[in-house]
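Student: I've got a new model open and I'd like to talk through its strands. Can we take it step by step?

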Amino acid sequence: MAIREIDTRGPRPVVREIAATSDSGWPGGAEAQVAQAIRGSSPAPELLIHAGDVVYREGDGPGPVYLITHGRLRVYRTDAGRPAHVATLGEGESFGIVSALRGTPQSTTVEALTPVRLLTVSGETLQRLGAELPSVRAM
């Protein structure tokens with residue numbers, strides 16, 4: 001799936017591809033397997049986020065992987081000092097996996113559009129799941 005951004009600052013909108021997948025992209029159906037494995041184990045910490053609140057900002061340190069159980073969020077990057085839309089995420093989707101697995105800073109900002117409930121999974125837990133699930137190991 002291609003992630004595209006529309007730049008409307010000039011006289012004509014310009015569409016640019018900014019990534020082949022968002023950082024919520026999981027290969028080979030791994031997202032469903034991880035969600036099922038997490039739900040079948042000890043409860044993951046749940047966060048309740050109000051509309052307008054920011055989950056994390058571009059440049060923040062690594063954090064957990066977030067699984068959306070309710071609500072919608074917008075994902076954006078800063079481009080020339082302005083927000084550039086990356087994706088809109090909803091129930092059943094996830095984000096933050098690249099940062100959690102690689103221990104790198106967040107590459108986007110994620111903001112709640114509606115009230116949101118999130119399950120969190122640490123990078124360590126994800127690595128443990130990778131040892132058990134081949135589709136996670138492929139990431």
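Student: Where is the place of Glu-46?

Tutor: Quick housekeeping: this is a predicted model, where local features need pLDDT of at least 70, side-chain atom pairs count only at pLDDT 80 or more, and totals for chains, interfaces and linings use all residues. Residues are numbered from 1 along each chain as its sequence is written, and side-chain values use heavy atoms, leaving out hydrogens and water. Strands here are DSSP runs of E, at least two residues, numbered from the N terminus. Glu-46 sits in strand E3.

Student: Which strands stand at the edges of the sheet?

Tutor: The open sheet has 4 strands in the order E3-E10-E5-E8, with antiparallel pairing; two strands pair if DSSP finds at least two bridges between them. Two of these strands have a single partner strand each, so one side of each is left without a neighbour in the sheet. Those are E3 (46-49) and E8 (94-95).

Student: Which residue in E10 does Leu-47 stand opposite?

Tutor: E3 is joined to E10 (residues 116-121) by 4 bridges, running antiparallel. On the E5 side, 5 bridges join E5 to E10, and Ile-68 stands opposite Leu-118. For Leu-47, the residue opposite is also Leu-118.

Student: How exposed is Glu-46, as relative accessible area?

Tutor: Buried means under 20% relative accessible area, exposed over 50%, and partly exposed in between (1.4 Å probe, protein chains only). Glu-46 touches Thr-69, Arg-117, Leu-118 and Leu-119, not counting residues up to four places away in sequence; a contact means heavy atoms within 4.5 Å. Glu-46 is partly exposed, at 45%.
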